[in-house]
Amino acid sequence: MAEVYYVGVDVGSSSVRAALVTRGGLLETTAEEPISIWEPQSDHYVQSSTEIWEKCCTVVKRVTQNVEKSRVRGIGFDATCSLVVLDQDFQPVPVSQDGDRRRNTVMWMDHRAEEQAARITNSGHRVLSRVGGVMSPELQPPKLLWLKENLRESCWDKAAHFFDLPDFLSWKATGSLTRSLCTLVCKWTYCPPDGWDSGFWSSIGLEDLLENNFSKIGSATCSPGSPLGGGLTQDAAADLGLEPGTAVGASLIDAHAGGLGMIGADIKGFQLPCEDQPITSRMVMICGTSTCHMAISEQPLFVPGVWGPCLSAMVPGMWLNEGGQSATGRLIDHMVKGHGAYTRLQEQARQRFPHTSENIYSYLNNHLSLMAASGSTVDLLCSSLHVWPDFHGNRSPVADPTLKGMVIGLPLSQTLDDLALLYLATVQALALGTLHILEAMKEAGHDIRTLFLCGGLSKNSLFVQIHANATGLPVVLPDQIEAVLIGAAVLGACASQDYSTVQEAMERMAKVGKVVRPNSELRGFYERKYKVFLRLLAHQREYQALMNQK
């Protein structure tokens, strides 16, 4: 029997990727294209949905160019939870003061709506219980409110359709306005089976969204992976280089696609503490520019400072809690590239790896190993250098976007050794941030025994090992390193009805690659380091309170 394929499309913060995936979950080929990010003013980040769709078409054509199109059974999209604005003719509407219509997408990491988010939090409305009690500026309600209050004529009055980016892509592919429960439940306060809470939107000043049964933000919903419309339209099929009618699965947020591409993997034979335990004993971390921490439960669990519980937002029929760190890969880059020794690091890395794809982080990891005393571990090098990592605010579990980063223990010198230590301390702080989230989830009733990591940072061996050491939990890495693309392809496989359920597709298409176990000898070190970590938070708040005194 001829092999059949599914296409997974992943729209990240700065690139669009596609993969051709077999029925058994093997990546045959991948392609990637960059996408533009504009920052018209501080903390405003915007993109173009037109450019994003064009790049989707480019990468899909590239990965399917050597296969018969009739053997491509389905396609699935995932994307960042950015906000796309279109008018009644489905044309772009500008989301910035400069009025550039092409730039019609407010990025997920755009924090322009911090003041609106704080107002919504202070309203104390019942929907807040589904987002950890605090409305984040990264969710869509405050962004919508900002657009109404600041761009009334140029944007709000002209807008007829507000899409989460994953739903925009599935609409563009099928013409279907049906939204995925993943996006609406996680980022828009939609709550099945009741649906939209009219009182909430009215209470925050967005009562105009109630018109025509909430048509501007979505009146029809379905679970991720459900087949949409009649599959690819004629126009979309031509754009993508596929056959009209090819099945399209309801989309996912990018992090959730990574979860889908990992959490259901068969782990028999790896001697993991989650073996013979329900899938609820696993937490997936999608580690890239930012990091999402996702755990599921059979019953709704409310975790302060953690988004959810969201029904059917990732795995149909299961409740999702989603913690997160707003800047992880971005923070590491910020710390390393802003250091005085960065130019020297680049030179040394080029000399050491002149003909390979090894990067500066491979060099730093090796440099730290050389710095560690014989028989000692790298982790212990930072016993007197500590970082609080919330340079872009805290998403979880403190849920305070006003928090700032902290570094304690800097010397006067700026050598390559100093840079390596600051990099190490930053990675340790991010791992302790994960422990902070795990503790909050545990207190609320989760029983997490194993971490599953994917995304760009999961390719960094130091980042992975330190997460195992700091949390005391084994870390599972996927067999196919691009788990997010596998998750997107799972959506296409489900829509094609080659698999009867998302769970069946996950088990067949997701596979374990490697297990990284914690170093038990470092347990005491990280217990002490975690106490320092928590005191940094307490101290920052204490300093702020002192400075706020009149």
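Contact here means heavy atoms within 4.5 Å. This is a predicted model: local features need pLDDT of at least 70, side-chain atom pairs count only at pLDDT 80 or more, and totals for chains, interfaces and linings use all residues. Residues are numbered from 1 along each chain as its sequence is written, and side-chain values use heavy atoms, with hydrogens and water left out.

Start with two helices. Helices (H or I, at least four residues) and strands (E, at least two) are DSSP runs, numbered from the N terminus. The axes of H13 (residues 360-371) and H14 (residues 416-444) come within 10 Å and cross at roughly 105°. Axes are lines fitted to C-alpha atoms, for helices over the stretch in contact, and angles run from 0 to 180 degrees between N-to-C directions. H13 is therefore roughly perpendicular to H14 (65 to 115 degrees). On the H13 side, the contact residues include Tyr 361, Leu 364 and Met 371. Among their counterparts in H14 are Leu 416, Ala 420 and Leu 424.

Now the hairpin. Strands E2 (residues 15-22) and E3 (residues 27-34) pair in the antiparallel sense over 7 bridges; pairing takes at least two DSSP bridges between two strands. Ser 15 has Pro 34 in E3 as its bridge partner. Between the strands lie 4 residues, and Gly 25 in this hairpin takes a positive phi near 90°.

Last, the cysteines. The structure holds 0 disulfides (a disulfide is a pair of cysteine sulfur atoms within 2.5 Å). For Cys 310, the nearest cysteine sulfur is that of Cys 186, 4.0 Å away. Cys 310 is buried, at 3% relative accessible area (buried is under 20%, exposed over 50%, partly exposed in between, with a 1.4 Å probe and protein chains only).

Notes: Angles under 35 degrees count as roughly parallel, over 145 as roughly antiparallel, 65 to 115 as roughly perpendicular and the rest as oblique.
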